[in-house]
Amino acid sequence: MAEAKRGAMSAVTVSLDGLAAEHDWLRGRRGSFERARRTIALLAADPFWKQMDVITCVHQRNLGHLNEIHDLLLDFGVSRWRIFAVEPIGRALQTPELFLGPEGFHLLMEKIRDFRNRGRLHVNFSDSGYLGPCYEEKVRDHLYFCRAGINVSGIMANGDILACPNIDRRFAQGNIFRDDFMTVWSERYREFRNRTWMRQGVCGSCGQWRHCQGSSFHLRDYQTRETRLCHCRDYQLLSSGGSGREL
């Protein structure tokens with residue numbers, strides 16, 4: 001922590017993916033929860049950090065413990081909590097038991113609305129995915145917007161330059177060891193800034209395109225160029241209070 005302070009870090013995030021059993025199971029490491037718990041308590045008590053928050057990945061095994069996690073964070077003195085649902089990327093693609101179905105996702109949205117209404121924690125759903133007129137601005141502070149290649153970039157451990165650290169590594173636009181970063185940023189991010197090429201397949205006739213713009217880029221399949229997850233379609237968000245027409 002001393003080295004982080006000397007490096008002028010001002011914000012820090014810690015993952016807490018459930019209570020002890022669920023967190024350790026997801027992380028695949030016994031005792032991981034206890035280490036995260038101690039870290040969160042230590043950081044929350046230190047006024048040095050301008051922003052300190054906890055992020056939780058919600059899946060089928062921890063969905064029923066959100067109230068307990070909420071109260072635990074209050075006990076730690078945490079003020080900000082970010083929540084997201086497990087998504088079909090990386091190794092999660094081979095673990096279908098993690099994913100929430102429409103019923104579970106709706107329950108998650110309603111729980112976030114409840115937490116926000118309580119006002120004891122500043123709770124936000126992640127930036128991932130457009131949520132339709134039913135939940136947009138009700139579970140996060142701003143309208144959905146994918147920032148990949150717009151005001152976000154990432155440099156991986158091997159030097160690959162990506163429009164976002166979460167997208168498929170095969171979408172790399174260059175490598176910091178051989179390419180000038182500003183040239184990549186200025187000239188190679190065009191497909192992230194003009195997304196009309198994404199308006200095909202399930203996105204082609206969608207009435208929500210103006211708001212969604214093809215969803216989060218990290219959900220885009222490299223080979224098919226299709227999105228692996230459409231929140232409105234796969235979680236039936238439009239049928240729960242919105243419509244498929246253009247707003």
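Is Cys203 buried or exposed, and at what relative accessibility?

Guide: This is a predicted model. Cys203 counts as buried, because its relative accessibility is 11%. Across the whole structure, the search finds zero disulfides.

Now take Asp221. This residue sits in the loop that runs between helix H9 (209-212) and helix H10 (231-234). Asp221 counts as buried, because its relative accessibility is 16% and the cut-off is under 20%. Apart from neighbours within four places in sequence, Asp221 is in contact with Phe171, Glu226 and Arg228.

Next, the sheet. Three strands form an open sheet in the order S5-S6-S7, with antiparallel pairing. Strand S5 (154-155) and strand S7 (174-175) are the edges; each has a single partner strand, so one side of each lacks a neighbour in the sheet. S5 and strand S6 (residues 160-162) run antiparallel and are joined by two bridges. Within that pairing, Ile155 has Ile161 of S6 as its bridge partner. Strands of a sheet pair through backbone hydrogen bonds, either parallel or antiparallel.

Charged pairs come next. The search of the whole structure finds 14 salt bridges. One of them joins Asp17 and Arg27, with the closest N and O atoms 2.5 Å apart. Asp17 lies in the loop between S1 and H2, while Arg27 is in helix H2, so the pair ties together parts 10 residues apart in sequence. Asp17 counts as buried, at 2% relative accessibility. Arg27 counts as partly exposed, at 43%.

Stay with helix H2 (residues 20-27). The buried residues of H2 are Glu22, His23 and Asp24. These buried residues pack against strand S1 (11-15) and helix H3 (32-44). After H2 comes Gly28, with a positive phi near 70°.

A second salt bridge links Asp114 and Arg118, with the closest N and O atoms 2.8 Å apart. Asp114 and Arg118 are four residues apart in helix H5 (residues 102-118), so about one helical turn separates them. An α-helix has 3.6 residues a turn, so residues three or four places apart point the same way. Both ends of this pair are partly exposed: Asp114 has a relative accessible area of 29%, and Arg118 is at 37%.

Asp179 and Arg178 also meet in a salt bridge, at 3.6 Å from N to O. Here the two ends contrast. Asp179 counts as buried, at 17% relative accessibility, whereas Arg178 is exposed, with a relative accessible area of 65%. Elsewhere, salt bridges link Glu34, Arg37 and Arg38 in a network.

Last, confidence. The protein averages a pLDDT of 88, and 93% of the residues score at least 70. Residues 241-247 stand apart: pLDDT stays under 50 there. For that stretch the model has 18 contacts beyond four places in sequence. Where pLDDT is low, the predicted coordinates should not be read in detail.

Conventions
Residues are numbered from 1 along each chain as its sequence is written. This is a predicted model: local features need pLDDT of at least 70, side-chain atom pairs count only at pLDDT 80 or more; totals for chains, interfaces and linings use all residues. Side-chain values use heavy atoms; hydrogens and water are left out. Buried means under 20% relative accessible area, exposed over 50%, partly exposed in between (1.4 Å probe, protein chains only). Contact means heavy atoms within 4.5 Å. Two strands pair if DSSP finds at least two bridges between them. pLDDT is the predictor's confidence in each residue, from 0 to 100. A disulfide is a pair of cysteine sulfur atoms within 2.5 Å. A salt bridge is a side-chain nitrogen of Lys or Arg within 4 Å of a carboxyl oxygen of Asp or Glu.
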